[in-house]
Amino acid sequence: MITAKEPAKKSMYENVMEQFNKTADIMNLNPDIRKILSITNNEILVHFPVKMDNGQVEVFTGYRVQHNNALGPYKGGLRFHPTMDGDDAKALAMWMTWKTSLAGLPYGGAKGGIQINPRDYSLSELERITRRFTFALGDNIGPELDIPAPDVNTNEQTMAWIADTYMSTKSPSERSNNKHVVTGKPVGSGGLEGRDRATGFGVYLTLKLFFENKNETLAGKKYIVQGFGNVGYWVSYFMEKDGAKLLAVQDAHATIINENGISVNDLYEHSKPRKGSIQGFTGAKEMEPKDFFALDCDFVIPAALGNQITAANAYDIKAKVVAEGANGPTDNEGERILLERGITIIPDILCNSGGVIGSYFEWLQNRNGELWPLDEVMAKIEKKLTENYKKVQNIVNEKQVDWRTAAYILAISRIETAYIQRGIFP
């Protein structure tokens, strides 16, 4: 939550393009492939009417941007947020292309959502909005074409509605073959055990591996989290088990602090019936939102929205590590300042990739008609994340570059190789 007046920020799309062009220059990316990767394949905009509980009709705007599918079907979340627009969807879709490539998954990148504040609508209205959006997208999504997943303000219930709506448009004999049109579904509806915690677990694991490389543990480390949704909660859950201390939490409604540490479970139990809001939690006191990032701690986890760490607050950060739980939480100017100050940024496309890795395993489980137990799923996710982490770390050490640049080099190189080997049609 940012209340102080700030200089004009660059959009997320401007940030992601700067990051791409910087990496393309460093790695001497093939100029033809650079042209392809700098644009999106498809940008879908839909307007659709929905009848509200009071009988009146509202018209909503939805987006789905498909950036690149050189490595496989498009993959990426759907978010319901008032600021959602085409430029955000383009930026997030491009990040998904890099994230799935870096993770070594057979996916491309996509993103989308609806320009809406879900808190303004009843559950039955959200169901109708979601189902109508799915119908409007039609055959632009599909289990072998474009596979949505949860993102900001969407969850397993949202995915269940989408899957049911999409499957209902198919002939009865084909419906069960389309269950994997989305991932992040409830376990009882074809979802994966552990998918709910996969993103937060990935953030936790990358930090654990980072400190292990320095011969340190998480025990006794102090940290702060921006956002206490699915990612913020689960990363804190795993951190607490390893003895790290949650010092402060910020969301759109409040900023709270407890020098002795905040109980993760108590905060979760408080926020759950309040649509996720941490406001009014008695286990901590409220503080000025503008002072949040300036708190003295070992690491900070931005796990809310993009463009939260900027030139306006990057000089205030005292943590030595920023672990990006959200997509694009640090803008390029903020990143430049942090790197100049010797602060490590574990980039989103590595740090929060546990979610898409979990989604891949759910997709495979549905395709193969299998059911995997939780311990097996978490072991698979941990193995994949650890391999990816070590690959990025090796590039950091070999090329003496920052973590984001190293991750981008690996991700884009894989796509470049695919294009070189296949050639360009026709």
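1. Let me start with a loop residue. Leaving aside neighbours within four places in sequence, G191 is in contact (heavy atoms within 4.5 Å) with K185, P186, E362 and Q365. G191 sits in the loop between α5 (156-168) and α6; helices here are DSSP runs of H or I with at least four residues, strands are runs of E with at least two, and both are numbered from the N terminus. With a relative accessible area of 3%, G191 is buried, where buried means under 20%, exposed over 50% and partly exposed in between, using a 1.4 Å probe and protein chains only. From G191 to N42 the C-alpha to C-alpha distance is 28 Å, and the two are 149 residues apart in sequence.

2. A word on the source, before going further. This is a predicted model, in which local features need pLDDT of at least 70 and side-chain atom pairs count only at pLDDT 80 or more, while totals for chains, interfaces and linings use all residues. Residues are numbered from 1 along each chain as its sequence is written, and side-chain values use heavy atoms, with hydrogens and water left out.

3. Now to helix α6. Its 15 residues reach 20 Å from the first C-alpha to the last, close to the 21 Å expected at 1.5 Å a residue; the expected span is 1.5 Å times one less than the number of residues. Of the 15 residues of α6, 13 are buried, so the helix is largely enclosed by the rest of the structure.

4. Next, the packing of two helices. Helix α6 (residues 198-212) and helix α7 (residues 230-241) pack at an angle of about 45°, with axes 7 Å apart. That makes α6 oblique to α7; angles under 35 degrees count as roughly parallel, over 145 as roughly antiparallel, 65 to 115 as roughly perpendicular and the rest as oblique. The axes are lines fitted to C-alpha atoms over the stretch in contact, and angles run from 0 to 180 degrees between N-to-C directions.

5. The crossing of α6 and α7 is right-handed, meaning that the near helix is turned clockwise from the far one by less than a right angle. On the α6 side the contact is made by T199, G200, F201, V203, Y204 and L207, and on the α7 side by V231, W234, V235, F238 and M239. By class, the contact has 9 nonpolar, 2 polar and no charged residues. Ala, Val, Leu, Ile, Met, Phe, Trp, Tyr, Cys and Pro count as nonpolar, Asp, Glu, Lys and Arg as charged, and the others, Gly among them, as polar.

6. Helix α7 also holds S236, which is buried at 0% relative accessibility. Apart from neighbours within four places in sequence, S236 is in contact with Y223, V225, F228, L246 and V264.

7. The loop between α6 and β6 (222-226) contains N215, which has a positive phi near 60° although it is not a glycine. N215 is exposed, with a relative accessible area of 75%. K221 lies in the loop between α6 and β6 too, but K221 is buried at 12%. Not counting residues up to four places away in sequence, K221 touches F211, E216, A244, K245, D298 and F299.

8. Two backbone items to check on screen. N153, in the loop between β5 (146-150) and α5, has a positive phi near 65° and is not a glycine; N153 is partly exposed, at 44% relative accessible area. The peptide bond from F425 to P426 is cis, with omega near 5°, and P426 lies in the segment after α13 (403-422).
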